[in-house]
Amino acid sequence: MKKIIYSMMMIALMAFMFVSCEDVPAPYDVPETPQGEEPEKPIEPAGDGSVANPFNVAAAHQLIESLGADVLSQDVYVKGKISSIDNIDTGNFGNATYYISDTGSTSNQLEVFRGYSLGGEKFKVADEIKVGDEVVVVGKVVNFKGNTHEFTTGSKIHSLNGKTATEEKPTEFIGTIDDPITIAKALEVINGLEDNATTATAAYVKGKVTKVLSSQDNVTKYKNMNYIIADETGEIQVYAGKNLDNKEFTSVDQLKVGDEVIVLGKLMKFVKDGKVTPEIAKGNYIVKLTSGSGGNAGGDNVQGITTEVTVSTLGLKDKANVTSVNLADGTTLTCSKEDGATAPTYYAGGGGAIRFYAKNSLLLDAGNKKIIQVLITTTDPYQSNKYNGNDLMYAMAGDSKLIPSRKGDTQVTFANFNSSTLKIVNDFSDVKGGTQLRVLKLKITYAE
């Protein structure tokens, strides 16, 4: 009898051990997904970024990859599923940081950094969005620091699981890329603005480049360009514009007189000292560029009658102030102190040059002739000092303000004008200091 009881106890113990083993975790190397399951297939980019045909997340990544580091796109619409949520602030800021992907998984997700809720409203409760929700987000995307694809702060949810905010309107523009407005229409809009105000929406404006105002030094420093575009109805300044597809300019030669462009940007009525300058405001960029017949951005030969002047041959007194010089062809050079602390002075050393200090001016008066280009050769740099004038240097050809083009360290050119006078001002933020303009030679080209 004892043997029977003992046998039954052993059987019960073994049964208990088998049941207990069911709760033991599987070894770490056992796959969590069934064998033979295919990995997630790549999603093809789709959409055009409009409200009617939003990008998918794959297309948004493709767009961001084409941008330079920290370069913002224009507003785009992107459709996806919320794959994860970092945080939702329902307090003062009312924004959320979350991620969207095409499939709802965390693979190839796109960050939405501090975006707002439906229709741009602040988040009021923590469950306004959930993982798995389908959203269309609108805002600017960026390759942050060159390593993070994201919607930058300020985006908003256009639709949430098919629901849109009744008060929300899609982003509108003045004109379209296929039907841009004329310069006259842009000027009409600008004239209706308050002083130094900009339009709420951007405009597509078409014109041909007539003047390149930026120097190579400024392009290198700021990665943008100032230039003038015109059509048969008028002209307008493009201020601090970016290149095609919102990319940075790296060379002044990337844009030439005669190029036809369509520029997208907000319009501005810039007013300073009572003077109104119609502008396409900073933040604009070229959306279409057609190379034209070209023009002279400065420093190249132009058709005309040329006079070359070497300053050392003018008979000037060493270390003496210079006021007026009559050239053999009848043109007069007038050198003025203006508001500067030091007057223009001739120094025979270094090849013989007239030194123009801060705020000094040089007026060329050709009488009955028309000047179309002036090329200045300056003295060579010494150590780290250049002598090709301040960044604020400009010239007035009649009522037109010209910005110099620089080649290398010793060539300064004013081009693309037609005037009997040209007044060059070595402008600066103070009455002294800055970069001198040391004029070694002048090459003056007159219209034939």
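This is a predicted model: local features need pLDDT of at least 70, side-chain atom pairs count only at pLDDT 80 or more; totals for chains, interfaces and linings use all residues.
Six strands make up an open sheet, ordered 18-19-22-28-24-25, and their pairing is antiparallel. At its edges are strand 18 (324-326) and strand 25 (400-402), each of which pairs on one side only. From one strand to the next, the twist averages 15 degrees. Within this sheet, I would point to strand 19 (residues 332-336) and strand 22 (residues 361-365), which are joined in the antiparallel sense by five bridges. Leu333 has Leu364 of strand 22 as its bridge partner.

I turn now to the aromatic rings. How many aromatic pairs are there? The count is one aromatic pair. Its members are Phe173 and Tyr204, in an edge-to-face arrangement with 5.5 Å centre to centre and 70 degrees between the planes. The pair links distant parts of the chain, 31 residues apart: Phe173 belongs to the loop between strand 9 (163-164) and helix 3 (183-191), while Tyr204 belongs to strand 10 (residues 198-212). Tyr204 is buried, at a relative accessible area of 10%, whereas Phe173 is partly exposed, at 33%.

The charged end of Lys401 is placed over the ring of Tyr394, 4.7 Å from its centre. Over the face of Tyr387 lies Arg438, at 3.8 Å from the ring centre.

Finally, the salt bridges. In one of them, Lys423 pairs with Glu338, with 3.1 Å between the closest N and O atoms. This pair links distant parts of the chain, 85 residues apart, with Lys423 in strand 28 (residues 421-425) and Glu338 in the loop between strand 19 and strand 20 (345-347). Both residues are partly exposed, Lys423 at 31% and Glu338 at 39%.

Another salt bridge joins Lys359 and Asp427, at 3.3 Å from N to O. Here the residues are 68 apart: Lys359 is in the loop between strand 21 (353-356) and strand 22, and Asp427 is in the loop between strand 28 and strand 29 (437-446). Asp427 is partly exposed, with a relative accessible area of 22%.

Lys386 and Asp409 also meet in a salt bridge, again described by an N to O distance of 3.3 Å. Lys386 is in the loop between strand 23 (371-378) and strand 24 (394-397), and Asp409 is in the loop between strand 26 (405-407) and strand 27 (411-419), so the pair ties together parts 23 residues apart in sequence.

Technical notes: Residues are numbered from 1 along each chain as its sequence is written. Side-chain values use heavy atoms; hydrogens and water are left out. Two strands pair if DSSP finds at least two bridges between them. Helices (H or I, at least four residues) and strands (E, at least two) are DSSP runs, numbered from the N terminus. Axes are lines fitted to C-alpha atoms, for helices over the stretch in contact, and angles run from 0 to 180 degrees between N-to-C directions. Rings of Phe, Tyr and Trp (its six-membered ring) pair if their centres lie within 6.5 Å; planes under 30 degrees apart count as stacked, over 60 as edge-to-face and the rest as tilted. Buried means under 20% relative accessible area, exposed over 50%, partly exposed in between (1.4 Å probe, protein chains only). A charge sits over a ring if NZ of Lys or CZ of Arg is within 6 Å of the ring centre and within 35 degrees of the ring normal. A salt bridge is a side-chain nitrogen of Lys or Arg within 4 Å of a carboxyl oxygen of Asp or Glu.
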